[in-house]
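Have the model open while you read.

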Amino acid sequence: MVPGPDQTNPGRLVGQLQELLEFQKDWGRQFLPKSVKNQEAALPKGSLHRPYESGAALSRAIVECQNCLLARNRRQAVPGEGPQNSILMFIGEGPGFEEDQQGRPFVGPAGQLLTKMIQAINLTREEVYITNVVKCRPPENRDPFENEVEACRSFLEEEIRLVDPRILVPLGSCAAQTLTRTKKKISDLRGRILDFKNRQLIATYHPAYLLRNPGAKREAWEDLKRVRREYDGLQ
Ligand code: URA
């Protein structure tokens, strides 16, 4: 996760401000918000509807969402998927190219590895809920900006409230930091059981990271075994 528009690159910052201004105009606003850092100010009022009465209503809202600039470049938004009573919820960062094309989470190369990770603890993809922090693909697969994470946070919280999983497995630093509201590294957040609103939170590495750094798979395997142990303890 990066802390907002890139202020170290003036050319890029100007481009982002222009994009934001156009977005504001679309919503009938005349001026830039006072702080581009606080882009919650840029959200159309009343856009964060909740609570949702069902997973289907939530998915519809996600698919139609225009709450941040990511909506501009997406082919489609990607709601989470899985049984509405899943015990386990895996949470990634945001859709990539394949997910944006298909409208489903974790269907590209990282998704194939996630499927194998789930199978390695004797579960199937169909038995767990899989979602992301942001529901629209960031351009060029960049990390989501903080304001984009915040614009999507209520969707993730609603998914958690409606599915009511007992164990959350954030995959990688974006998801782990978002849920713990810290800036700690994933290597510091993994390897133990944390609490998220009376649920167990067991963070591990993102499968895309594991594809690039196969040496980290041993630690990920330890995390997955911990997930399985806790899962068994709930039965
Ligand atoms: N990476 C993610 O974080 N989520 C996806 O859905 C795919 C790749």
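1. A word on classes before anything else: Ala, Val, Leu, Ile, Met, Phe, Trp, Tyr, Cys and Pro count as nonpolar, Asp, Glu, Lys and Arg as charged, and the others, Gly among them, as polar. With that in hand, the lining of the largest cavity comes out as 10 nonpolar residues, one polar and two charged. Keep in mind throughout that this is a predicted model.

2. Staying with that cavity: its volume is about 90 Å³, and 13 residues line it. C65, C68, K135, C136 and C152 are the ones that lie nearest its centre. In total, two cavities reach 30 Å³ or more.

3. Which helices supply at least two residues each to the lining of the largest cavity? They are helix 3 (70–73) and helix 6 (146–163). Helix 6 has the largest share, with four residues.

4. Now for the open side of things. The largest pocket holds about 600 Å³ of space, and its lining runs to 28 residues. Nearest the centre of this pocket you'll find E93, G94, H206, A208 and R212. Helix 4 (97–102), helix 5 (109–120), helix 7 (173–180) and helix 9 (207–212) are the elements giving two or more residues to the pocket lining. Of these, helix 9 gives the most, with four residues.

5. By class, the lining of the largest pocket splits into 13 nonpolar, nine polar and six charged residues.

6. Where does the ligand sit? The space it takes is the largest pocket. Around the ligand are G92, E93, G94, E99, P105, F106, N132 and H206. Sorted by class, this shell has two nonpolar, four polar and two charged residues.

7. From the backbone, an N or O atom of F106 lies 2.9 Å from a ligand oxygen atom. From the side chains, a polar atom of N132 is 2.7 Å from a nitrogen atom of the ligand, and a polar atom of H206 is 2.8 Å from one of the ligand's oxygen atoms. How much of the ligand does the protein cover? On its own the ligand has 240 Å² of accessible area, and the protein covers 91% of that.

Technical notes: Residues numbered from 1 in each chain as written. Predicted model: local features only at pLDDT ≥ 70, side-chain atom pairs only at ≥ 80, totals over all residues. Heavy atoms only, no water. Near = heavy atom within 4 Å. Polar contact = N/O pair within 3.5 Å; in protein donor to acceptor, adjacent residues only side chain to side chain. Areas by Shrake-Rupley, 256 points an atom, 1.4 Å probe, with all protein chains shown as cover. 1 Å grid on protein atoms, 1.4 Å probe; cavity = no way out; pocket = protein on both sides within 12 Å on 5 of 7 lines; lining within 4 Å. Sits in = over half its atoms within 2 Å of the grid points. Points joined across faces, edges and corners; volume = space filled by probe spheres on them.
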